[in-house]
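Hello,

Here is the structure for your files.

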Amino acid sequence: MKYDVAVLGATGMVGQRYVKILSKHPWFNLVALSASPQKAGARYGDVVSWVIGGTVPEEVAEIRLSKPEPSEFKDIDIVFSALPTDISREIEPKFVSAGLTVFSDSSPMRLDPRVPLVIPEINADHLSITAFQRSVLGGVLVKTPNCTSNVLSLAIKPLIDLLGIPEHIDAVSLQAISGAGYSGLPSMAIQDNVIPYIKNEEEKMLEEPRKIYGRVSNMTIEPNESLYIDATTTRVPVLDGHTVVIHAHYSWSVDINEVLKAYENFRSYPQELRLPTAPEKPLILHRAVDRPQPRLDRDLGNGMSVSIGRIRIAAKRGGSVVKLVALGHNTIRGAAGNTVLNAETYISLGLSKR
Ligand SMILES: NC(=O)c1ccc[n+]([C@@H]2O[C@H](COP(=O)([O-])OP(=O)(O)OC[C@H]3O[C@@H](n4cnc5c(N)ncnc54)[C@H](OP(=O)(O)O)[C@@H]3O)[C@@H](O)[C@H]2O)c1
């Protein structure tokens, strides 16, 4: 039997990705949607400005929007939340205390030690604390990392498996316009331009990977303080797809062939279980010197694969620097796709109530 699921913030950039992924999902039945309260009662197809290509799935277009209130979702097995930051801070805890299971993309509570922040290829085990959450909070809350932290964290996983935590990592992001939401950036601000600052983003690229690479202890998540990432985040005139240039510093000499092999062979739990939204390859290694590129590579693995290219090793005094360029789809791997994969992982681990 399928799980009944719903999407909050269903008309937005991330919400539309949910609609697309969930409308044909083998485990999930998309039965309810909401947007801002004034749209409650409207037919989804009449109020959404569909911007992600293709057309609104017919059966979803007919759904009447619910009010974004827990009482409207009481029979739903999993609620996916793509709410704006301030709204989610107020609404998601109400859903959780009403006993609902919420998988969310928004930033509030991502760093709460009792809330798993999950990329299933890295830390599926952190989902184990949802059983404890249910006993103390009534419901469940699982977060997906920020879109750039997500690409960065996945991109360094084979390196960490092979060589351990680097001395430090320098990272520069080139982030797409859709990362700021549907009405986030005026076209006059971003056309023909690069904006060298994104508010609150650089802190997330340090704190979130630390939590993702942390460990569960006494039903809380202890961050991995040995991971140090110094990031500069920028906005560029690309529609979808965040690029991150990564330099990982090690205090010994590193063999390029071993690094390449680690990237070629990387697979993890979702691939072993062949979960419906898991890409066959979570990381795709490009050998051509001019890849990855957002326009060419963001949709690989249905937007769930992160592309890795330009792997080089530079000698530095007393060690080496592994350099690479990573690219991932910000509203799919960096949001809705990762979150649906989190829900599939949660179910596959036997943690769901049903
Ligand atoms: N865009 C990305 O790449 C990305 C990546 C990772 C995480 N995120 C996070 O995901 C969340 C959604 O981002 P987005 O880019 O999809 O934003 P967005 O395009 O601005 O969409 C926001 C959604 O929230 C709804 N909404 C607005 N006010 C509301 C209210 N008072 N009550 C209930 N719903 C309300 C909007 O409905 P209306 O259409 O009625 O206004 C819309 O459906 C944010 O927390 C963001 O930080 C985004």
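Two strands pair if DSSP finds at least two bridges between them. Strands (E, at least two residues) and helices (H or I, at least four) are DSSP runs, numbered from the N terminus. The model is predicted: local features need pLDDT of at least 70, side-chain atom pairs count only at pLDDT 80 or more, and totals for chains, interfaces and linings use all residues. Residues are numbered from 1 along each chain as its sequence is written.

Strand 6 (residues 168-175) and strand 9 run parallel, joined by seven bridges. Leu-174 has Thr-234 of strand 9 as its bridge partner. Strand 9 covers residues 229-235. Its covered face holds Ile-229, Ala-231, Thr-233 and Arg-235, and its uncovered face Asp-230, Thr-232 and Thr-234.

Strand 6 and strand 9 are also among the elements that cover the buried residues of helix 10 (buried: 20 or more other C-beta atoms within 10 Å of the residue's own, with C-beta atoms placed from the backbone). Those buried residues include Met-205, Pro-209 and Ile-212, as well as Glu-201 and Lys-204.

The ligand has 30 residues around it, of which Gly-9, Gly-12, Ser-36, Ser-106 and Gly-181 come nearest (near: C-beta atom, placed from the backbone, within 6 Å). Helix 1 (13-22), helix 4 (85-97) and helix 14 (332-348) each give two or more residues to this shell. Domain 1 (3-146 + 335-348) and domain 2 (147-329) each supply at least three residues; the domain bounds come from an automatic or database domain assignment.

Regards

Definitions and conventions. Buried ≥ 20, exposed ≤ 12 C-beta atoms within 10 Å, placed from the backbone. Contact = placed C-beta atoms within 7 Å.
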